[in-house]
Amino acid sequence: MLRALYHFSMRMRRAANALGMWGGPLMVLAFAVGWSYSKKYWLIYVGPGDWRATVANGSIGINYEPGLISMTEQATGVPVPRGLRTLPVPGNIVQANTAWWFGGTWEPAKKSLLVPLWFLIAMATAVTAIAWRVDFMASRRARIGCCPKCNYNRAGIPAAAPCPECGATAS
């Protein structure tokens, strides 16, 4: 039972590392495209109730304000469309107002969270770099004849035999 659990955890660890190695660059690319896109256009998602998510001015914002959407509909006489839409940045908005830091409020009547996209790009880059480093070190250890997991010297041990130190199978 313990051996099966160990092998399952190792498979999950390898899968997570592969996801970090190959999914990380895709996330970095998506956030970078979103950051450059948010300078000219706002991406707005109006969800059920009074939830709203926006990508604008180099940040992602999530807002909840009870009654805001219905008040907007009453004031303008036009229903606010639900779902995802893109709007060009209004001409009266100064483009130098890029959100460079976190923000938000958490009050009973209003909840908002603002996360700058540069932070998400940095986190995805760090995860990708760590995943590539872990993979590089494991392949390097295997190439020089050491156990990829614990770095035990496998000189004189048959290639198919598990590591006597940690029990990991040779790659």
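This is a predicted model: local features need pLDDT of at least 70, side-chain atom pairs count only at pLDDT 80 or more; totals for chains, interfaces and linings use all residues.

Student: Where is N57 found?
Tutor: N57 sits in the loop between strand 2 (51-56) and strand 3 (59-64).

Student: Let us step back. How many helices and strands does the protein have?
Tutor: There are 3 helices and 6 strands. Read from the N terminus, the order is α-β-β-β-α-β-β-β-α.

Student: What is the radius of gyration of the protein?
Tutor: The protein has a radius of gyration of 25 Å, whereas a compact globule of 171 residues would have one near 16 Å. Along the principal axes, the C-alpha atoms fill a box of roughly 80 × 40 × 25 Å.

Student: What percentage of the residues is buried?
Tutor: Buried residues are 23% of the 171.

Student: Now the helices. At what angle do helix 1 and helix 3 pack?
Tutor: Helix 1 (residues 2-37) and helix 3 (residues 117-143) pack at about 155°, and their axes are 8 Å apart. Angles over 145 degrees count as roughly antiparallel, so helix 1 and helix 3 are roughly antiparallel to each other. Their crossing is left-handed.

Student: Which residues make the contact?
Tutor: Helix 1 contributes residues including G20, W22, F31 and W35, and helix 3 contributes residues including L117, L120, A124 and W132. By class, the contact has 16 nonpolar, 6 polar and 1 charged residues.

Student: You mentioned L117. Is L117 buried or exposed?
Tutor: L117, in helix 3, counts as buried because its relative accessibility is 3%.

Student: What is L117 in contact with, leaving aside its neighbours within four places in sequence?
Tutor: L117 is in contact with F31, G34, W35, V55, G58, S59 and I60. As for S59, its C-alpha is 4.9 Å from that of L117, although the two residues are 58 apart in sequence.

Notes:
Residues are numbered from 1 along each chain as its sequence is written. Side-chain values use heavy atoms; hydrogens and water are left out. Axes are lines fitted to C-alpha atoms, for helices over the stretch in contact, and angles run from 0 to 180 degrees between N-to-C directions. Helices (H or I, at least four residues) and strands (E, at least two) are DSSP runs, numbered from the N terminus. Angles under 35 degrees count as roughly parallel, over 145 as roughly antiparallel, 65 to 115 as roughly perpendicular and the rest as oblique. A crossing is left-handed if the near helix is turned anticlockwise from the far one by less than a right angle, and right-handed if clockwise. Contact means heavy atoms within 4.5 Å. Ala, Val, Leu, Ile, Met, Phe, Trp, Tyr, Cys and Pro count as nonpolar, Asp, Glu, Lys and Arg as charged, and the others, Gly among them, as polar. The radius of gyration is taken over C-alpha atoms; the globule rule is 2.2 Å times the number of residues to the power 0.38. Buried means under 20% relative accessible area, exposed over 50%, partly exposed in between (1.4 Å probe, protein chains only).
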